Amino acid sequence: MQMMKNKQNFIDKFYSAIFILGILKLVGILSKIVDFSVKSIIVELVIFFVIMFIILSIISRLKRKNNNNTNYSTDNTNTAAINSSNFNKIKNKYEQIAKNYIKSKEYKKAAKVYSKLLNNNYKAAKVLKEGKLYSEAAIIYLKLLKDKKAAAQCYVMAFQYHSAISLYRELKEYEKVGDLYIAIHDVNSANNYYQMVINNYIQNNQFVKASLIYSKKMNDCDSAQKILLDGWNKNLDAYNCLIIYLNNYTDSFKLKEEIERLYFLVLPNQKLIFLKVLKKLFTKNKELQTLIKNMAYEIIADKINSHPMVVNELQYFNPQDTFIRKDIIRYKTGNNKIFTG
């Protein structure tokens with residue numbers, strides 16, 4: 001406000017100075033009438049008046065502009081008060097209009113109120129989704145909210161799979177890309193993206209997840225089993241890899257053969273994990289319980305010196321044996337180091 005007043009004072013002083021100089025100049029010109037021709041004096045007067053007109057016009061424009069700014073500043077407090085008092089009323093009015101449009105299922109109009117009048121693009125997109133106008137919602141998510149994932153989800157709901165694929169590809173959600181290619185019956189493209197997901201899982205030693213993509217998404221059970229066996233052999237998430245691998249055998253005879261094969265190949269540092277797997281298989285495969293129990297006994301006997309607490313596992317393989325607990329206690333107290341079968 002003080003700055004505007006200072007500016008006004010400067011303009012007034014400048015205006016007065018120009019006016020005084022103009023008068024002096026005019027007197028000087030008129031004083032030349034005796035020495036110069038009337039024609040030359042008239043030309044000089046014309047030039048003088050044109051220049052004065054331009055200068056005074058500029059000064060007048062500056063004064064008007066400054067006055068307008070001053071008026072605005074003095075009214076600013078009142079305007080702010082009016083805005084603050086009426087803003088909520090206007091907002092509530094627009095909210096009510098939008099709600100009325102929603103009640104009458106005019107979702108596009110409601111979304112326009114939220115977006116254009118209330119500057120709430122998120123609400124606009126949500127209203128369009130509620131009205132199942134998924135394509136329109138996707139555009140708002142993508143263009144105004146910069147939310148590619150939400151836009152892709154809307155495109156899926158609108159069955160615009162190619163648009164969704166493009167966005168999920170940008171987001172590097174390749175499993176989702178594969179799923180969408182399956183939806184449009186492009187199996188080759190789907191498998192290419194599934195393989196990218198599998199490669200990433202293997203790089204991060206997530207063999208179980210990799211196997212599930214093979215088995216559940218690509219219907220490639222052989223590759224799934226190979227990945228699980230690889231995880232077991234590399235001792236990376238070994239327990240989960242082996243238990244899932246063996247559970248995938250539905251034929252008891254083939255399961256028996258595979259358990260025996262793996263048992264004879266098991267490394268010393270894998271034996272306790274193998275024992276844990278045998279425990280899981282024991283109750284689920286009654287026809288193989290004798291085989292599993294004998295293997296368990298051998299592992300326990302081999303590991304009991306280095307891992308004394310492994311003796312407790314005997315109870316699991318002899319649930320009906322009432323004497324086994326006493327045998328375990330005697331062993332722990334050193335009274336008897338002979339297992340009872």
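Start by selecting Asn121, which sits in helix α4 (residues 121-130). Helices here are DSSP runs of H or I with at least four residues, strands are E runs of at least two, and both are numbered from the N terminus. This is a predicted model: local features need pLDDT of at least 70, side-chain atom pairs count only at pLDDT 80 or more, and totals for chains, interfaces and linings use all residues. Residues are numbered from 1 along each chain as its sequence is written, and side-chain values use heavy atoms, with hydrogens and water left out.

Stay on Asn121. Its relative accessibility is 16%, so Asn121 counts as buried. Buried means under 20% relative accessible area, exposed means over 50%, and partly exposed lies in between (1.4 Å probe, protein chains only). Now show its contacts, meaning heavy atoms within 4.5 Å. Leaving aside residues up to four places away in sequence, Asn121 touches Ser115, Ile140, Leu144 and Leu145.

Next, select Ala138 in helix α5 (residues 134-144). Ala138 has 0% relative accessibility and therefore counts as buried. Its contacts, again not counting residues up to four places away in sequence, are Ala151, Cys154 and Tyr155.

Two loop stops follow. Most residues other than glycine have a negative phi. Phe159 is not a glycine, yet its phi is positive, at about 60 degrees. Find Phe159 in the loop between α6 (148-157) and α7 (161-170). Phe159 is exposed, with a relative accessible area of 62%.

Move on to Asn205, in the loop between α9 and α10 (207-217). Asn205 also has a positive phi, near 60 degrees. With a relative accessible area of 38%, Asn205 is partly exposed.

Now turn to the rings. How many aromatic pairs does a search of the whole structure find? There are 8. Rings of Phe, Tyr and Trp (its six-membered ring) pair if their centres lie within 6.5 Å; planes under 30 degrees apart count as stacked, over 60 as edge-to-face and the rest as tilted.

Select Tyr181 and Tyr193. This pair is stacked, at 5.9 Å centre to centre and 20 degrees between the planes. Tyr181 belongs to helix α8 (residues 174-183) and Tyr193 to helix α9 (residues 187-203), so the pair links distant parts of the chain, 12 residues apart. Tyr181 and Tyr193 are buried.

Then select Tyr263 and Phe274. Their rings are tilted, 6.0 Å centre to centre with 45 degrees between the planes. Tyr263 lies in helix α13 (residues 252-265) and Phe274 in helix α14 (residues 271-282), 11 residues apart. Both are buried.

Finish with two helices, α13 and α15 (residues 289-303). They pack at an angle of about 10 degrees, with their axes 11 Å apart. Axes are lines fitted to C-alpha atoms, for helices over the stretch in contact, and angles run from 0 to 180 degrees between N-to-C directions. α13 and α15 are therefore roughly parallel (under 35 degrees; over 145 is roughly antiparallel, 65 to 115 roughly perpendicular, the rest oblique). Which residues meet here? Lys256, Ile259, Glu260 and Tyr263 in α13 meet Leu291, Met295, Glu298 and Ile299 in α15.
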